[in-house]
Amino acid sequence: MEISTLTVYHCLAFAWYFFVNYSVVHLRTDNRPPELFLYGGQWKYLTVLNLVLQAVFYGVSFLADVLRLIKKLRCVKCVISSRDLLFSVLAFPVSTFVSVSFWALYTYNRELVYPKSLDGVIPQWLNHAMHTTVLPFAFLEIFATPHRYPTKKKGLILVGFASSLYITWVLWIYAATGEWVYPLFALFSPAGLAAFLAGSFAITVCFYSFGEFLNRMIWGDSIAILDYKRKGK
């Protein structure tokens with residue numbers, strides 16, 4: 001993508017995620033299920049955290065594009081490095097995990113992740129904005145511009161750290177309220193839940209590796225140049 005086209009795309013993507021986040025925050029509170037948005041508010045749901053993450057990522061991407069257009073080279077290197085780290089470690093694997101896991105569980109038994117009572121609270125378009133469109137956005141970003149991934153060891157450590165933070169948050173909410181963020185968790189024994197969380201982390205790692213593979217397959221020559229510049233620093 002030409003830099004001008006990329007700038008417009010990232011600006012529109014940022015505006016979209018800003019609008020979706022605004023819509024989530026301003027959901028109507030009447031007729032909502034009693035357990036919805038209590039302890040932890042919206043911020044206990046990975047879906048909502050991912051929406052904030054995507055807005056931050058596209059905001060940083062838009063800033064990087066603008067700095068490239070005005071040729072602020074000293075600033076742009078740092079911003080691009082932050083953009084690439086955000087995308088590789090968080091934006092791509094998390095959005096892919098949110099979309100794939102949600103629709104897989106929804107198809108199996110929607111009450112486990114998205115009870116029917118939510119249909120009167122969350123409009124259908126917003127549900128798809130949160131759980132469906134995040135996936136094509138993630139893949140379109142890979143095709144739009146190359147991203148420099150961290151070393152495999154560093155990348156996996158960061159993915160593991162981010163996953164641990166969210167799991168700790170979920171467990172803290174359960175300890176404080178006695179209620180699981182997701183009804184699905186109540187079906188597991190402690191050992192079963194540990195196995196489920198470990199499996200979810202393994203899937204997230206697979207998505208991280210898949211993103212890295214796609215990025216290198218599509219942008220092989222460009223990535224080689226980026227790697228060469230990194231090693232030369």
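**Helix α6 and the residues before it**

Q: Leaving aside neighbours within four places in sequence, with which residues is T145 in contact?
A: In this predicted model, T145 lies in the loop between α5 and α6. Once neighbours within four places in sequence are set aside, the contacts of T145 are L6, R83, N215 and W219.

Q: Which residues does F143 contact, leaving aside neighbours within four places in sequence?
A: F143 is found in helix α5, residues 134–144. Its C-alpha atom is separated by 35 Å from that of E111, 32 residues apart along the chain. With neighbours within four places in sequence left out, F143 is in contact with I218 and W219.

Q: How far apart are the end C-alpha atoms of helix α6, given its 26 residues?
A: Helix α6 covers residues 152–177. At 1.5 Å a residue, its 26 residues should span 38 Å. The distance in the model agrees with this, the end C-alpha atoms being apart by 38 Å.

Q: Which helices are included in what covers the buried residues of α6?
A: The buried residues of α6 are G155, V159, G160, S163, Y166, V170 and I173. Their cover includes α2 (46–69), α3 (73–109) and α7 (190–218).

Q: What is the phi of G178, the residue that follows α6?
A: G178 comes after α6. The phi of G178 is positive, near 80°.

Conventions:
Residues are numbered from 1 along each chain as its sequence is written. This is a predicted model: local features need pLDDT of at least 70, side-chain atom pairs count only at pLDDT 80 or more; totals for chains, interfaces and linings use all residues. Side-chain values use heavy atoms; hydrogens and water are left out. Helices (H or I, at least four residues) and strands (E, at least two) are DSSP runs, numbered from the N terminus. The expected span of a helix is 1.5 Å times one less than its number of residues. Buried means under 20% relative accessible area, exposed over 50%, partly exposed in between (1.4 Å probe, protein chains only). Contact means heavy atoms within 4.5 Å.
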